[in-house]
Amino acid sequence: MLVLRPVELTDLPELQRLAHESLVGVTSLPDDSECLREKILDSVRSFEQNVQRPGPENYFFVLEDQVAQRLAGCSEILATAGFNEPFYSLRNRHFTSASRELNIEHGVPALSLCHDLSGHTLLRGFHIDAALERSAFSELLSRARLLFIAAHPQHFADAVITEIVGYSSEDGHSPFWDAVGKHFFDLPYVEAERLCGLESRTFLAELMPQYPIYVPMLPQAAQDCIGRIHPDGLEAFDILEREGFETNSYVDLFDGGPTLYARNTSIRSISHSHTALVKTGAAIDARGRYLVSNDSLVDYRAIVAELDYNPDQAVALDAGMCSALKVSEGSPIRLIAL
């Protein structure tokens, strides 16, 4: 059985394997053992805190194959983007110029460095083994984070964002970076993303141009990258789009990838998930496939399960499901249909 749970320090070797395999641009999953170790310890502290309002907490989840005793994926929630340092993005909007004498009004799209998105909850670090892509377990890895937010709303902001990795070629070439960022840092795209993962995006962002970048002045290849998704990022985008997330006018300052945004009240797994009590020892007449989680904090668990769910009735779980979820007779659970 595959179970989503909070990361533990003993996961470090497996987590480093996932980081090595992850897509360039997923800067929240650096391929560096010391950085990953600090990330794990930070997550452990976050899960242990009794939070009454969102702060700098980082909740790191792993998808564990309990039979093979290996990790099949990972994902994160940063409670407050920009809590300790600005969360930089590029805002894509039109600047309008007009001439009364010539009776001409013209709008020009321009990219401006900003930190408008600071203060939102941020989903990041999504990575799953290739063999499980486009499966129910991808849904589990991404959407169980939203069930966690639904169970602990006081830990998070009222709106959630996520950055989808932008386009780069198989050899790590980013036309957008070459046209914009490379002029300010003598670094290839892959190295810039690596430094962001190891250090912080802030020190790079602060050296980016402070004045608007007029889009028509960029090479066509770079213009085509604005809001374009890397092929390996399409699944993450599709899952969250079905959840109610929408693109907005913000893009990543390194690769031009899109940013998704949603109010919590508009997110399906938050606003439409159901709660029920567990019934053990009963036969399951499975009538649907669900994402199921407990409502715990430190011992949070989530699985995919075939269930018979009826509103206002206890839900039958078998012994394996109860063990995976760390629940027993009468325990509360949260579920939503796949």
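Predicted model: local features only at pLDDT ≥ 70, side-chain atom pairs only at ≥ 80, totals over all residues.
Ile284 touches Glu306, Leu307, Asp308, Ala316, Leu317, Asp318 and Met321, leaving out residues up to four places away in sequence.

**Around Ile284**
- Ile284 sits in the loop between strand S11 (274-280) and strand S12 (288-294).
- With a relative accessibility of 27%, Ile284 counts as partly exposed, because that class lies between the 20% and 50% limits.
- Asp129 is 155 residues from Ile284 along the chain, and their C-alpha atoms are separated by 30 Å.

**Strand S6 and its partners**
- Strand S6 (121-128) has seven of its eight residues buried, so the rest of the structure largely encloses it.
- S3 and S6 run antiparallel and are joined by five bridges; in S6, Arg124 is the bridge partner of Glu76.
- On pairing with strand S7 (residues 159-163), S6 runs parallel, over three bridges, and Leu123 stands opposite Thr162 in S7.
- Together, S6, H3 and S7 form a right-handed β-α-β unit.

**The nonpolar cores**
- The largest nonpolar core has 41 residues, of which Leu4, Tyr59, Leu63, Phe148 and Phe245 touch the most other members.
- Elements giving two or more residues to this core include strand S1 (2-6), strand S6 (121-128) and helix H3 (136-151), and H3 gives the most, with nine residues.
- Beyond its neighbours within four places in sequence, Leu63 has contacts that include Leu4, Leu71, Ile128, Phe137 and Leu141.
- Another core, of 23 residues, lies apart from the largest one, and Leu90, Ala192, Met208 and Val215 are among its members.

Notes: Residues numbered from 1 in each chain as written. Heavy atoms only, no water. Core = buried A, V, L, I, M, F, W, Y, C linked by side-chain atoms within 4.5 Å. Buried < 20%, exposed > 50% of the residue type's maximum accessible area, 1.4 Å probe, protein only. Helix = DSSP H or I, 4+ residues; strand = E, 2+ residues; numbered from the N terminus. Contact = heavy atoms within 4.5 Å. Pairing = 2+ DSSP bridges. Right-handed = clockwise from strand over helix to strand, strands pointing away.
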